[in-house]
Amino acid sequence: MVKRGMAFGAGAYALWGLFPLYWPLLKPAGAVEILAHRIMWSLVAVVAVLALRRRWGWVRTLTLRQGVLLALAAVVISLNWGTYIYAVNNGQTIESALGYFINPLISVVFGVLIFRERLRTWQWCAVGMGTLAVLVLTVDYGRPPWIALVLAFAFGIYGLLKKFADMPSAEGLAVETAMLFLPTLGFVLVLEGRGDAAFGHHGVGHAALVALAGVVTAVPLLLFNAAAIRLPLSVIGMLQYLAPVLQFVIGLTVHHEEMPPSRWAGFLLVWVALVMLTWDGLNAARREAVLETP
């Protein structure tokens with residue numbers, strides 16, 4: 001069961017990490033048009049999956065509170081998706097990877113601010129190191145690394161909203177994309193009416209790749225769900241670094257993005273912070289396991 005969970009988890013994060021190879025294939029469509037199609041085709045894909053599983057009972061139990069939370073989650077994840085697509089297709093894959101590297105640090109900060117958690121010493125050190133890294137990278141870029149910060153905060157907020165909504169990922173994604181379907185469809189129709197749409201005007205292959213965005217979104221999500229029920233959170237936490245590592249490598253070796261020494265310094269600080277955070281988390285989990293042993 002654990003081996004299958006590891007395979008599912010590695011598969012999910014590997015696919016997320018390979019996204020920078022996919023989004024450039026959808027050019028000349030712009031980031032917003034790609035985002036609109038991703039939302040619409042994701043709804044088609046996830047509804048197909050739920051139909052195959054015959055899982056519709058949750059629709060009757062959906063509460064107003066969950067609906068509001070998922071509506072907010074839909075807006076936030078759209079911001080995350082759109083920013084990520086824009087970054088990858090505009091030569092900023094490495095900065096987008098930074099966002100997912102610092103996301104665990106953002107989650108720690110949210111734990112303090114929202115859940116009033118008390119940080120351990122090494123957690124404080126990791127947060128401090130991460131803050132220093134952002135300052136170093138701000139000097140390097142000549143601006144705050146806004147793409148990384150938007151991605152990290154948006155994904156962190158999305159995770160909080162999903163936690164409060166307390167719905168399985170596939171069902172939650174169905175609600176989120178359904179809420180955005182009509183606005184995105186309207187946007188796509190406006191683009192088509194103005195003659196600015198790329199979808200359907202660059203061959204069957206391009207149209208198929210755009211439509212495939214739904215499957216590309218749904219498959220890693222389903223793999224992640226399968227891993228989450230088979231693996232402890234500590235293992236999931238370790239696997240999550242696979243995605244930004246792959247994104248970083250693709251940005252460096254495939255997209256040939258620049259990495260001056262000052263940028264390496266900033267990333268090194270982030271990686272040291274993550275080592276601190278991971279080491280502390282593993283030690284804390286080990287101590288809890290010892291205490292729970294009869």
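**Close-ups of a pocket, helix pairs and backbone**

**View 1. The lining of the second largest pocket splits into 8 nonpolar residues, 2 polar and no charged.** Here nonpolar means Ala, Val, Leu, Ile, Met, Phe, Trp, Tyr, Cys and Pro, charged means Asp, Glu, Lys and Arg, and the others, Gly among them, are polar. This is a predicted model, so local features need pLDDT of at least 70 and side-chain atom pairs 80 or more, while totals for chains, interfaces and linings use all residues. Numbering starts from 1 along each chain as its sequence is written, and side-chain values use heavy atoms, with hydrogens and water left out. Look for Ile 102, Leu 105, Ile 106 and Val 109, then Val 127, Gly 130, Thr 131 and Val 134, and finally Leu 149 and Phe 153 around the pocket (an open set of points on a 1 Å grid over the protein atoms alone, where a 1.4 Å probe fits, with protein on both sides within 12 Å along at least five of seven lines; lining residues have an atom within 4 Å of a point). Helix 6 (93-115), helix 7 (121-141) and helix 8 (146-165) each give at least two residues to that lining (helices are DSSP runs of H or I, at least four residues, numbered from the N terminus). The volume comes to about 160 Å³, meaning the space filled by probe spheres set on points joined across faces, edges and corners.

**View 2. Helix 5 (residues 64-89) packs against helix 8 at about 160°, with the axes 9 Å apart.** Axes are lines fitted to C-alpha atoms over the stretch in contact, and angles run from 0 to 180 degrees between N-to-C directions. That angle makes the pair roughly antiparallel (over 145 degrees; under 35 is roughly parallel, 65 to 115 roughly perpendicular, the rest oblique). Their contact brings together 21 nonpolar, 3 polar and 2 charged residues.

**View 3. Helix 3 meets helix 5 at about 130°, with their axes 9 Å apart.** These two helices are therefore oblique to each other.

**View 4. A cis peptide bond links Lys 27 to Pro 28, with omega near 15°.** Pro 28 sits in the loop between helix 2 (19-22) and helix 3. At the other end of helix 3, Arg 54 follows with a positive phi, near 55°.

**View 5. Asp 166 isn't a glycine, yet its phi is positive, near 55°.** You'll find Asp 166 in the loop between helix 8 and helix 9 (169-194).
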